[in-house]
Amino acid sequence: KGKCPEDGWDESTIELFLHELAIMDSNNFLGNCGVGEREGRVASGLVARRHYRLIHGIGRSGDISAVQPKAAGSSLLNKLTNSVVLDIIKLAGVRTVTNCFVVPMATGMSLTLCFLTLRHKRPKAKYIIWPRIDQKSCFKSMITAGFEPVVVENVLEGDELRTDVEAVEAKIKALGAENILCVHSTTSCFAPRVPDRLEELAVVCANYDIPHIVNNAYGVQSSKCMHLIQQGARVGRIDAFVQSLDKNFMVPVGGAVIAGFSESFIQEISKMYPGRASASPSLDVLITLLSLGASGYKQLLKERKEMFSYLSSELKKLADNHNERLLDTPHNPISLAMSLKNLDENNDAAVTQLGSMLFTRQVSGARVVPCGTVQTVNNYTFKGFMSHANDYPCAYLNAASAIGIKKQDVDVFLKRLDKCLKTSRKEAKQEKSVNEINNSNTDTEHLED
């Protein structure tokens with residue numbers, strides 16, 4: 001049926017299935033005589049076993065989704081993977097998605113592929129309208145494709161940074177719709193930024209006949225992000241949405257899924273990919289989804305949501321204990337932010353130091369964001385980089401509840417963060433006292449003079 005099985009398979013069944021696929025590839029035929037330049041020859045047995053002897057990769061020189069005659073097994077693997085992933089995207093909330101394919105590139109390059117495909121449809125266009133999100137790869141994806149990003153600053157509503165839809169529409173009118181390649185929006189993001197107003201943006205794109213590409217990097221794991229995409233496609237226009245394999249399906253980095261609501265447009269994107277491609281990302285995600293089954297993946301989504309609630313409540317308690325505040329970002333379903341006002345007021349360097357302290361204590365993924373950082377990316381200068389705004393009111397710390405997180409991860413993180421905050425406050429007080437003594441001595445010297 002080309003769907004993810006409801007119950008996961010055991011490892012021996014999956015291995016048997018992969019071996020059956022592998023013997024359909026010509027490089028594994030008994031008595032095969034290869035006289036071409038690409039015959040699936042592998043020098044190392046270890047490498048061959050690592051890839052289950054599926055050596056030919058996927059696609060053909062003109063289309064990453066095309067069938068290879070001498071690699072029937074690898075081609076079947078590719079077709080099945082795309083079909084199973086499509087089933088999971090529907091299960092996760094985007095019910096009307098019609099087509100998707102796994103591409104062996106991470107999210108940034110996959111977005112670039114989408115933009116390059118649109119270039120042929122809109123030859124006059126040179127701008128991409130982009131509601132600001134301080135993440136380098138999605139910004140570089142537009143530059144690499146040869147387009148000029150038009151950055152639209154976010155609007156501060158309470159603690160949240162939200163899409164300025166009016167400013168997006170104003171940019172369209174100022175630049176001319178025919179000169180705009182697309183609107184490039186984002187769902188999954190670090191708090192206090194929240195997912196873009198996809199429904200409103202989709203309506204604007206439909207009204208002005210402008211394509212709409214969504215960066216859904218780690219949004220498959222969030223029912224809220226997937227609902228936004230579904231609703232955006234229902235009321236307006238979304239041409240494609242791109243998500244990472246590693247962030248959503250817990251596989252090694254190196255793959256993404258490009259999905260959409262027009263089967264023909266998704267096929268156009270797959271045909272834009274030059275040459276064949278590695279089968280490793282497809283193999284990894286197929287093995288993972290066969291082992292989990294639909295029920296196993298749904299259970300992971302449920303656990304992630306429960307851990308988000310737990311992380312939120314416990315981080316709020318810790319923030320209160322340190323006279324800080326859990327920022328109020330109800331529209332962000334994955335990431336949380338805690339203010340660091342006390343550290344920021346005592347010493348600018350103390351905020352950055354907290355990040356170093358956490359990292360050396362083996363806390364990974366937590367982002368400490370100081371105020372006023374200036375960063376230049378491809379000749380474009382961002383003020384307040386990492387905070388998604390020129391002047392966010394305070395420094396803060398991010399933590400996320402992503403798929404696969406366990407209660408133990410949350411508990412250990414909070415315990416180590418508590419210790420680091422106590423140490424930072426103590427050091428900041430000591431430094432303040434030393435500065436006051438030095439200032440007092442300096443004043444005394446001036447009086448004596």
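Modeller: Start with helix 6, residues 165–175, where Val165, Val168 and Ile172 are buried. Buried means under 20% relative accessible area, exposed over 50%, and partly exposed in between, with a 1.4 Å probe and protein chains only. Helices (H or I, at least four residues) and strands (E, at least two) are DSSP runs, numbered from the N terminus. Down the axis of helix 6, the buried residues fall within an arc of 60 degrees, so they line one face of the helix. That arc is taken over the directions from the helix axis to the C-beta atoms. An α-helix has 3.6 residues a turn, so residues three or four places apart point the same way.

This is a predicted model: local features need pLDDT of at least 70, side-chain atom pairs count only at pLDDT 80 or more, and totals for chains, interfaces and linings use all residues. Residues are numbered from 1 along each chain as its sequence is written, and side-chain values use heavy atoms, with hydrogens and water left out.

Now the other face. Turned away from the buried side of helix 6 are the exposed residues Glu166, Lys173 and Ala174. After the helix comes Gly176, with a positive phi near 90 degrees.

What covers the buried residues? The cover of helix 6 includes strand 2 (127–131), strand 3 (148–152), strand 6 (180–186) and helix 7 (198–208). Contact here means heavy atoms within 4.5 Å.

Take helix 7 next. Helix 6 and helix 7 pack at an angle of about 20 degrees, and their axes are 10 Å apart. Helix 6 is thus roughly parallel to helix 7. Axes are lines fitted to C-alpha atoms, for helices over the stretch in contact, and angles run from 0 to 180 degrees between N-to-C directions. Angles under 35 degrees count as roughly parallel, over 145 as roughly antiparallel, 65 to 115 as roughly perpendicular, and the rest as oblique. The crossing of helix 6 and helix 7 is right-handed. A crossing is right-handed if the near helix is turned clockwise from the far one by less than a right angle, and left-handed if anticlockwise.

From helix 6, the contact uses Val165, Val168, Glu169, Ile172 and Lys173; helix 7 supplies Glu200, Leu201, Val204 and Tyr208. By class, the residues of this contact between helix 6 and helix 7 are six nonpolar, no polar and three charged. Ala, Val, Leu, Ile, Met, Phe, Trp, Tyr, Cys and Pro count as nonpolar, Asp, Glu, Lys and Arg as charged, and the others, Gly among them, as polar.

Helix 7 has another partner. Helix 7 and helix 8 (residues 223–235) pack at about 30 degrees, with axes 8 Å apart. Helix 7 and helix 8 are therefore roughly parallel to each other. Their crossing is right-handed. Leu198, Glu199, Ala202 and Val203 of helix 7 meet Leu228, Ile229, Gln231, Gly232 and Val235 of helix 8. The contact of helix 7 with helix 8 has six nonpolar, two polar and one charged residues.

Last, the setting. The protein chain has 14 helices and 14 strands. Its C-alpha trace spans about 100 × 55 × 40 Å along its principal axes. Of the 449 residues in the protein chain, 52% are buried.
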